[in-house]
Amino acid sequence: MTTQRVLTGITTTGTPHLGNYVGAIRPAITASRNSHVDSFYFLADYHALIKCQDPAQVRQSAKEIAATWLALGLNTDTATFYRQSDVPEITELTWILTCVTAKGLMNRAHAYKDSAQKNIDAGEDADLAITMGLFSYPILMAADILMFNAHKVPVGRDQIQHLEMARDIGQRFNHIYGETFVLPEAMIDDNVAVLGGLDGRKMSKSYGNTIPLFSTEKELQKLINKIKTNLLEPGQPKDPADSTVFQIWQAFATPEQTQYMREQFAAGIAWGQAKKELFGLINDEVGAARTRYLELLANPDHIEAVLQKGATKARAEARALLTKVRQAVGIAPIN
Ligand code: TRP
């Protein structure tokens, strides 16, 4: 079996929550333990600037997200773990790619179109408060991916279009200047749950319905108690299919534990009891990592050193490809 390069990034706004953990971080760390996988995981801090203009928040989030990956046991000797902004080759590549990207392609990006449509619906100018950062976001993301010739990019469904755009842009470059980039593929794992949040909608920062991964035990318990349920009484059978409590349980449970909870639902377990057991299950899985997380946050120099080690590894790769790219487009010494 040949080695596959797997790459993914997390935008550094906000605090990691259970949805990020189950949907992205846990599967990525598991993949990184496979010796046929060469993993590149990074903090997308330049992406953060598109959504967030509060410098303190961008910095705090980068620290928390880095500490989260490390606390959960990412092996940074085998995986390359870095911060996007430490690899200036990526932003340099972004410009070169910008020059082969059709504006029409960017016009079709969902994130941009949604923002423009909201403006129009509100009777405003379509471009109100839309920055060029938001508009060209998919080009920065294409550079993240193409810079390292990644084969597979594990992402949520909402990012599929961005992956198609990265392929389009890479293909366009290859067509004009000759074979340079590997064309990446999105990796969507149907077995990985998209978790529901406190209100039952998808758990997401933008809905304000998240459960932070490393809440204190007390907070975790409190938030789990807030998960919306129906009004069925203890003793009345409950339907696992429409229950966020059950769905989160399943994301943390072994098949046997899932079967057990299915039986409890059929037998009419009280919501309070189901939530208490859910707390225990999650707390058992993340408790030890929470302790390491708090230790890491108290030791930012260590986090920084790990990121610098990653940046050195990542830059060595990036520089080699960027030299080829510059040569290909005619940015070269006079001779
Ligand atoms: N845009 C992605 C998100 O919001 C984060 C991201 C940035 C990313 N660059 C990437 C994901 C490259 C995968 C590959 O979720």
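Predicted model: local features only at pLDDT ≥ 70, side-chain atom pairs only at ≥ 80, totals over all residues.

Colleague: What volume does the largest cavity have?

Modeller: About 40 Å³.

Colleague: Which residues line the largest cavity?

Modeller: Look at Ile-10, Thr-13, Gly-14, Thr-15 and Pro-16, which are among the lining residues. Asn-20, Ile-25, Ile-65 and Lys-205 also belong to the lining. Sort the lining by class and you get four nonpolar residues, four polar and one charged.

Colleague: Now helix packing. At what angle do the axes of H4 and H7 cross?

Modeller: Find H4 at residues 88-98 and H7 at residues 132-146. Their axes cross at roughly 120° and come within 8 Å.

Colleague: Which residues make the contact between H4 and H7?

Modeller: H4 brings Ile-90, Leu-93, Thr-94, Leu-97 and Thr-98. H7 answers with Ile-139, Leu-140, Ala-142, Ala-143, Asp-144 and Leu-146. By class, this contact holds eight nonpolar, two polar and one charged residues.

Colleague: How far apart are the axes of H9 and H12?

Modeller: They lie 10 Å apart. H9 covers residues 217-226 and H12 covers residues 271-297, and the pair packs at an angle of about 145°. H9 passes H12 in a right-handed crossing.

Colleague: Which residues meet there, and how do they divide by class?

Modeller: On H9, pick out Glu-217, Leu-220, Gln-221, Ile-224, Asn-225 and Lys-226. They meet Lys-275, Leu-278, Phe-279, Ile-282, Asn-283 and Arg-290 in H12. The contact divides into five nonpolar, three polar and four charged residues.

Colleague: H12 also packs with H11. Is H11 roughly parallel or roughly antiparallel to H12?

Modeller: Read the angle. H11, residues 255-266, packs with H12 at about 170°, with the axes 11 Å apart. Over 145 degrees counts as roughly antiparallel, so H11 is roughly antiparallel to H12.

Colleague: And which residues make that contact?

Modeller: Gln-257, Tyr-260, Met-261 and Phe-265 come from H11. Trp-271, Ala-274, Glu-277 and Leu-281 come from H12. Count six nonpolar, one polar and one charged in the contact of H11 with H12.

How values were computed. Residues numbered from 1 in each chain as written. Heavy atoms only, no water. 1 Å grid on protein atoms, 1.4 Å probe; cavity = no way out; pocket = protein on both sides within 12 Å on 5 of 7 lines; lining within 4 Å. Points joined across faces, edges and corners; volume = space filled by probe spheres on them. Nonpolar A, V, L, I, M, F, W, Y, C, P; charged D, E, K, R; others polar. Axes fitted to C-alpha atoms, helices over the stretch in contact; angles between N-to-C directions. Helix = DSSP H or I, 4+ residues; strand = E, 2+ residues; numbered from the N terminus. Contact = heavy atoms within 4.5 Å. Left-handed = near helix turned anticlockwise from the far one by under 90°. Parallel < 35°, antiparallel > 145°, perpendicular 65-115°, else oblique.
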